[in-house]
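Hi there,

I am passing this structure on to you, as promised.

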Amino acid sequence: MIAARPATVAVLAGGVGAARFLRGLLRIRRPADVTAIVNVGDDFTLHGLNISPDLDTVTYTLAEQINPETGWGRAGETWRVLTELGRLGGQDWFKLGDLDLALHLFRTQRRSEGASLSQVTGEIAASFGLELTLLPVSDDPIATRITPAEPDGAAEIDFQDYFVAHQHGIAVRSVRFAGIESAQPAPGVLDALSSAGTVVVAPSNPFVSIGPVIDVPQVRETLCSRRDSVVAVSPIVGGASIKGPAGAMMRELGHEPSVAGVARLYAAFAGTLVIDHADAELAPAVAQAGMTPVVTDTIMADPDRAARLATAALEAAGARNIT
Ligand code: FO1
C-alpha cells in the first residue's frame with residue numbers, strides 16, 4: 001500500500017506573485033498546513049527602519065489589507081509622513097505610507113530589543129490574524145546586489161535602488177546575494193521543507209526572489225533530496241513576466257526568457273513545472289530540460305483563479321486532495 005502524502009505544503013515565496021498564489025492556496029488548504037518561506041534579499045534599512053518588502057506583501061495580501069492597485073503597501077493608506085519627509089528634503093523615493101510605517105517601526109523596535117526577524121514576523125502575522133506559518137528564509141542578513149550592464153564597469157547597487165529608484169529599467173550584468181554563504185535557515189525552515197507533503201516554488205522572479213531562498217546553504221540540498229515532490233509555477237508566460245523584470249532579467253543574464261529557460265534553472269531541485277496554456281507548445285522543451293510539464297491557467301486574475309492554480313500545482317505534484 002502506498003502511504004498518503006501529508007497534506008502539508010511549504011511554499012518558497014517572493015513578493016506579489018507568491019502572495020497571490022498563497023491566497024489561492026489558503027482557499028484549498030488549512031492555514032495550519034501551510035508554511036511560506038519568504039525571500040529577504042530585498043530587505044533594507046531606510047530612515048533607520050528595518051523594511052522587509054516581501055514578508056510585508058505576503059502579510060498584507062493574506063490579511064486582505066494589500067493595496068490592490070500597486071500589489072504592495074496597505075489598502076486605504078495615507079501619506080502624511082512621506083509628504084512631510086519630502087518637504088524636509090528627506091528620502092521619499094521609496095513610498096512608505098503611514099500605516100506601513102507603523103509596521104516598520106514595530107519591527108525595528110522589536111529587533112532592537114533582541115527579537116529575531118522570524119520572531120517579529122510571527123508576531124506581525126498573528127496581529128493580522130494569519131494562521132499559516134510565515135517564515136523569513138533566514139534570520140541572518142542577505143542583501144541582493146545588482147551590477148548594471150551599463151556603463152562598462154558600473155558599480156554594484158542595492159536591490160531597491162535597482163527595483164524602485166531605477167524602476168528596474170536598467171539592464172543587469174550580474175546578481176549576487178551578500179551574506180548568503182554564512183546565512184543559516186531560520187528556525188522551522190528546514191523542518192518545513194523536509195516534512196511538507198509538497199513543496200511549491202511560487203511564481204516569483206527566479207533570480208531575485210527565489211534565488212536568495214534557494215541559495216541559502218542546506219535549502220537547495222533539502223529540495224534536491226525530494227525533488228519529485230517539488231513543483232514550481234512558472235513566473236514566465238508567453239515569453240515575458242506577468243509583473244516585474246523576470247523576463248528581461250533572464251535575457252540579460254543569458255537565459256532563454258521562456259518556460260524552457262525556467263525549467264533549465266529549476267530542474268535540479270524541482271520535478272514538475274506548471275506552465276500556462278499560452279506556452280503549451282513548449283511542454284516538450286520543458287520535459288527535455290528534465291521537468292514534467294503541466295499545462296493550466298496560471299494567470300491569477302482573482303483569488304478563485306489563484307485557488308484553481310494552487311489545486312493544479314498540488315495535483316501535479318501528486319498531493320492528496322484536502323478541502
Ligand atoms: N515598489 C515600488 O515600485 N515603489 C515603491 O515606492 C515601493 C514601496 C514599497 C513600500 C513597502 C513595501 O513593502 C514594498 C514597496 N514596494 C515598492 C515594492 C517592493 O519594493 C518590491 O515589489 C519588492 O521588493 C520586489 O518583490
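Here is what turned up, starting with the ligand and moving on to the pockets and the backbone.

First, some ground rules: this is a predicted model, so local features need pLDDT of at least 70 and side-chain atom pairs count only at pLDDT 80 or more, while totals for chains, interfaces and linings use all residues. Residues are numbered from 1 along each chain as its sequence is written, and side-chain values use heavy atoms, with hydrogens and water left out.

The ligand has 14 residues around it, and Asp 42, Asp 54, Phe 94, Lys 95 and Gln 160 come nearest (near means a heavy atom within 4 Å). Among the polar contacts (pairs of N or O atoms within 3.5 Å; within protein, one must be able to donate a hydrogen and the other to accept it, and residues adjacent in sequence count only if both atoms are side-chain atoms), Asp 54 places a side-chain N or O atom 2.9 Å from a ligand oxygen. Gln 160 has a polar side-chain atom 2.9 Å from an oxygen of the ligand, whereas Lys 95 uses a backbone N or O atom, also at 2.9 Å from a ligand oxygen. The protein covers 91% of the 530 Å² of accessible area that the ligand has on its own (Shrake-Rupley method, 1.4 Å probe).

Now the pockets. A pocket here is an open set of points on a 1 Å grid over the protein atoms alone, where a 1.4 Å probe fits, with protein on both sides within 12 Å along at least five of seven lines; lining residues have an atom within 4 Å of a point.

Of its 16 lining residues, Asp 43, Arg 111, Leu 117, Pro 141 and Ile 142 are closest to the centre. Strand E3 (44–46), strand E4 (49–51) and H4 each give two or more residues to that lining.

Two backbone details are worth a look. His 47, in the loop between E3 and E4, has a positive phi near 55° although it is not a glycine. The peptide bond from Glu 150 to Pro 151 is cis, with omega near -10°, and Pro 151 is in the loop between strand E6 (143–148) and strand E7 (157–158).

Best wishes

Definitions and conventions: Helix = DSSP H or I, 4+ residues; strand = E, 2+ residues; numbered from the N terminus.
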